[in-house]
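Let's take a friendly walk through this model, starting with a pair of aromatic rings and ending with the sheet. Have the structure open as you read.

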Amino acid sequence: MSKITIKPIRTDEWLPDRCLNGTEPFDPKVHMPAPGCPGMNYFRKMDRKALEQLYEHTISKYGGCGFIAWDAGKVIAYHNFFPFDIAREMKFFGCGEKTAEPDRTLVHNCLTIINGDYSRKGICRSLVKESVGWAKINGWKKFEVHMVLPDCERGWQSDQKSCLSFWQKFGFEISSEYEADNETRQFYSVTKRYSMLLSLDC
């Protein structure tokens, strides 16, 4: 493992278009570009051009939408987010419905990492810290994370880092609690899910 670097998502580099899995770093040069992760395509199917336009619009208008962790030119993890108006339009997993200040609120989309040698190295924590720091510097007021799981074994094993205590470490607090859907109950053996909120004013 060489030195890991964390850089903002850029339109002239790899655009996050899938959740990461497996144990080997993801090499964008040898994979065909995809039209977006399942969360982005759940309600409205996208093609590659639409995905590129989404990132171009978000970065040009708002200045950024997340960070990627690289190891020797290969992707090992990323965290991306979008302003509330874009999250609501896309209807990706976890778009908030009760946001008080939607024009100054960011909504978490995906936090995913390659497993194996990269697990438990603090990479996901570093990505979230970069994202929160960027949000504060750029005048955002709130950061939302939705569909968070109670701490559970399968939740921690998932490539999506979405367990409750993970987000609490950054100061996120539960803003609402709701019943888990049947698929979540069966796969994760939990009965609840949460929406969480971080105030960026302090």
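This is a predicted model: local features need pLDDT of at least 70, side-chain atom pairs count only at pLDDT 80 or more; totals for chains, interfaces and linings use all residues.

Tryptophan 14 and phenylalanine 26 are both buried. The ring centres of tryptophan 14 and phenylalanine 26 lie 5.3 Å apart with their planes at 50°, so the pair counts as tilted. Tryptophan 14 and phenylalanine 26 both sit in the loop between β1 and α1 (38–41), 12 residues apart.

Now turn to phenylalanine 166 and tryptophan 167, whose rings form an edge-to-face pair with 5.2 Å from centre to centre and 90° between the planes. Are these two residues buried or exposed? Phenylalanine 166 has a relative accessible area of 7%, and tryptophan 167 has 1%. Buried means under 20%, so phenylalanine 166 is buried, and so is tryptophan 167.

Phe166 and Trp167 also belong to one aromatic cluster, together with Phe81, Trp134, Phe143, Phe170 and Phe172. In total, the structure holds 12 aromatic pairs.

## Charges over rings

Lysine 7 lies over the face of tryptophan 70, 5.4 Å from the ring centre. At tryptophan 140, the charged end of arginine 104 sits over the ring, at 4.3 Å from its centre.

## The nonpolar core

Which residues touch the most other members of the largest nonpolar core? They are Trp14, Met40, Tyr55, Ile123, Phe143, Trp167 and Phe172, in a core of 52 residues. Helix α4 gives the most to this core, with 7 residues.

Leaving aside residues up to four places away in sequence, tyrosine 55 touches Ile9, Thr11, Leu15, Pro16, Met40, Cys65, Asn80 and Phe82.

## The sheet and its helix

The 7 strands of an open sheet run in the order β1-β2-β3-β4-β5-β7-β6, and their pairing is mixed. At the edges are β1 (4–8) and β6 (173–179), each of which pairs on one side only. From one strand to the next, the twist averages 20°.

Helix α4 (residues 123–137) packs on this sheet and touches β1, β2 (66–71), β3 (74–83), β4 (105–113), β5 and β7. The direction of α4 makes about 35° with that of β3.

How do β5 and β7 meet, in the parallel or the antiparallel sense? Strand β5 (residues 142–148) pairs with strand β7 (residues 192–199) in the antiparallel sense, over 5 bridges. Along this pairing, lysine 142 stands opposite serine 199 in β7.

Conventions:
Residues are numbered from 1 along each chain as its sequence is written. Side-chain values use heavy atoms; hydrogens and water are left out. Two strands pair if DSSP finds at least two bridges between them. Helices (H or I, at least four residues) and strands (E, at least two) are DSSP runs, numbered from the N terminus. Axes are lines fitted to C-alpha atoms, for helices over the stretch in contact, and angles run from 0 to 180 degrees between N-to-C directions. Contact means heavy atoms within 4.5 Å. A nonpolar core is a set of buried Ala, Val, Leu, Ile, Met, Phe, Trp, Tyr and Cys residues joined through side-chain atoms within 4.5 Å. Buried means under 20% relative accessible area, exposed over 50%, partly exposed in between (1.4 Å probe, protein chains only). Rings of Phe, Tyr and Trp (its six-membered ring) pair if their centres lie within 6.5 Å; planes under 30 degrees apart count as stacked, over 60 as edge-to-face and the rest as tilted. A charge sits over a ring if NZ of Lys or CZ of Arg is within 6 Å of the ring centre and within 35 degrees of the ring normal.
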